[in-house]
Amino acid sequence: MGGLILRNVEVAGRAGLDVRIDGGRIAEIGERLPGPGADFDGRGGALIPGLIDHHIHLLATAAQARSVRLDDVRNAGELQAVVSRALAARPPGGWLRATGYHERMAGDLDRDVLDRLAPRHRLRVQHQTGSLWVLNSLALDELTAEGAPAEAERDPAGRLTGRIWRGDAWLRERLAAEPPELAPLGRSLKSYGITGLTDTSATTDAQAAALLAEARRSGALPQRLMLMSAGPLGAPPDGAFEVGPVKVLLDDARLPELDDFVARIEGARGQGRAVAVHCVTAGELAMTLAAFELAGARPGDRVEHGGVIPAEAIPALKRLGLTVVTQSAFVFERGDRYLADVEPAEQGDLYRCASLLAAGVPVAGSSDAPYASSDPWLGMRAAIARRTRSGQPIGLGERVAPRRAVALYLGDQRAPGGPVRRVEAGAAADLCLLRAPLAEALAAPDAELVRATLIGGEVAFARD
Ligand SMILES: [Zn+2]
């Protein structure tokens, strides 16, 4: 018997157990297991399945590290100050990537506004929703030297405005010389106890998939990967990632024809794939439900975000068997803005959780990083408390018990929201060891509670 023995851990409420791991799986659980294997002292902490972030954008989150965040900017003066400070650290002509902009801060942006902010650097600013990039003239001239993409907006005279909708794949191709570094992200995610990641970017193409597969092979991203994409995607023979559902991205401003949408679902079926639809607004959800009614739903089909779910839509979600992959952290991180912008009558529809579970709709947890924090423990706290950053409540009826909040992250990667994976003999040794017994950890869920993370039986992360 070789492998690794985790000594003195709590498993499913039973304290003082040893867990022997061999060949990437849990081989045996019992008291004082014999064995010449290497020991790891669990000090009585709970051993739970590794957490899974069921909705994240890995390349965008990695790129965030080299970017400036505009999330807290309140007016034009602050925008200028934040951008100027970042530019001062870069040589003229250099690039600056800024994210988290919202027109509420200093109005709509276009190339002319950005030229005044950054006359000598290349600047690109992403809207908080992730759907829009705005480039200044230096950036635009460089990237469109061989032509502008169809997504690039033009004014009535035909001049490019610098605004590019859904242009991530085009941008990545133009900026391929500088792929974002994934190792720092992989490290921070494993420090949260995360052992599996589902990248839900519609823009994932062969090039992006190759970057992520390489990061998995090199260990830069040690977590198991499942990738979504809008188009066809081939699975690598070495299993560096699994191919997940087809991602359908809707924009409330220009919803597709229902026939088109149904055809996209049927196209996914032709590839043997489920479908995951981005639904932030009630309009997007209504159209999604109509499309699934027509095309038929199958296990694995998902509603991403469920930002606004009117009560009337819940029976249809249940009937169709759709899983809602939510991000409770938005209640905390953006809740104060929701309270200002969303009609009081609709505030109870925001990022529902408890009411969906009560109706029998499967719900899974996720981050949507970089648009919210990648820390799942923050998401759990938000699911439990339903408070905004300033402490205001949103939809208190949607609160879930701490144990349920953790469970949102413990479903299978292929069946988020389904049965919670268990720490039992035969299961993959993708595990999260906490510093404390589970009851104590649940009293104050926090990433600091993670003492070690095992992926495929290897200790990927440990701290004292
Ligand atoms: Zn997303």
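The model is a predicted one, in which local features need pLDDT of at least 70 and side-chain atom pairs count only at pLDDT 80 or more, while totals for chains, interfaces and linings use all residues. Residues are numbered from 1 along each chain as its sequence is written, and side-chain values use heavy atoms, with hydrogens and water left out.

Within α7, the buried residues are Ala183, Leu185, Gly186, Leu189, Lys190 and Ser191; buried denotes under 20% relative accessible area, exposed over 50% and partly exposed in between, with a 1.4 Å probe and protein chains only.

The zinc ion has as its protein donors His55 (NE2), His57 (NE2) and Asp368 (OD), which lie 2.1 Å from it. Donors are N, O and S atoms within 2.8 Å of the metal (3.2 Å for Na, K and Ca), and because water is not among the atoms, sites may look incomplete. Along the chain, the donors of the zinc ion follow the spacing H-x1-H-x310-D. Histidine 55 belongs to strand β6 (residues 51-56), whereas aspartate 368 is in the loop between β19 (363-365) and α15 (376-385), so the pair ties together parts that are 313 residues apart in sequence. Both histidine 55 and aspartate 368 are buried.

The second largest pocket has a volume of about 700 Å³, and among the 32 residues that line it, those closest to its centre are Arg69, Asp71, Asp72, Glu333 and Arg389. On a 1 Å grid over the protein atoms alone, a pocket is an open set of points with protein on both sides within 12 Å along at least five of seven lines, a cavity is a set of points where a 1.4 Å probe fits but cannot get out, and lining residues have an atom within 4 Å of a point. Grid points are joined across faces, edges and corners, and a volume is the space filled by probe spheres set on the points. At least two residues of this pocket's lining come from each of α1 (58-64), α3 (103-106), α7 (183-191) and α13 (335-341). The lining of the second largest pocket comprises 13 nonpolar, 7 polar and 12 charged residues, with Ala, Val, Leu, Ile, Met, Phe, Trp, Tyr, Cys and Pro counted as nonpolar, Asp, Glu, Lys and Arg as charged, and the others, Gly among them, as polar.

The structure also holds 2 cavities of 30 Å³ or more. The largest cavity contains about 60 Å³ of space, and its lining includes Gln64, Arg69, Asp71, Arg334 and Tyr371, with β8 (95-101) and β9 (122-127) being the elements that give two or more residues. That lining divides into 2 nonpolar, 6 polar and 3 charged residues. The second largest cavity, of about 40 Å³, has Asp53, Ile194, Ser367 and Tyr409 among its lining residues.

Technical notes: Helix = DSSP H or I, 4+ residues; strand = E, 2+ residues; numbered from the N terminus.
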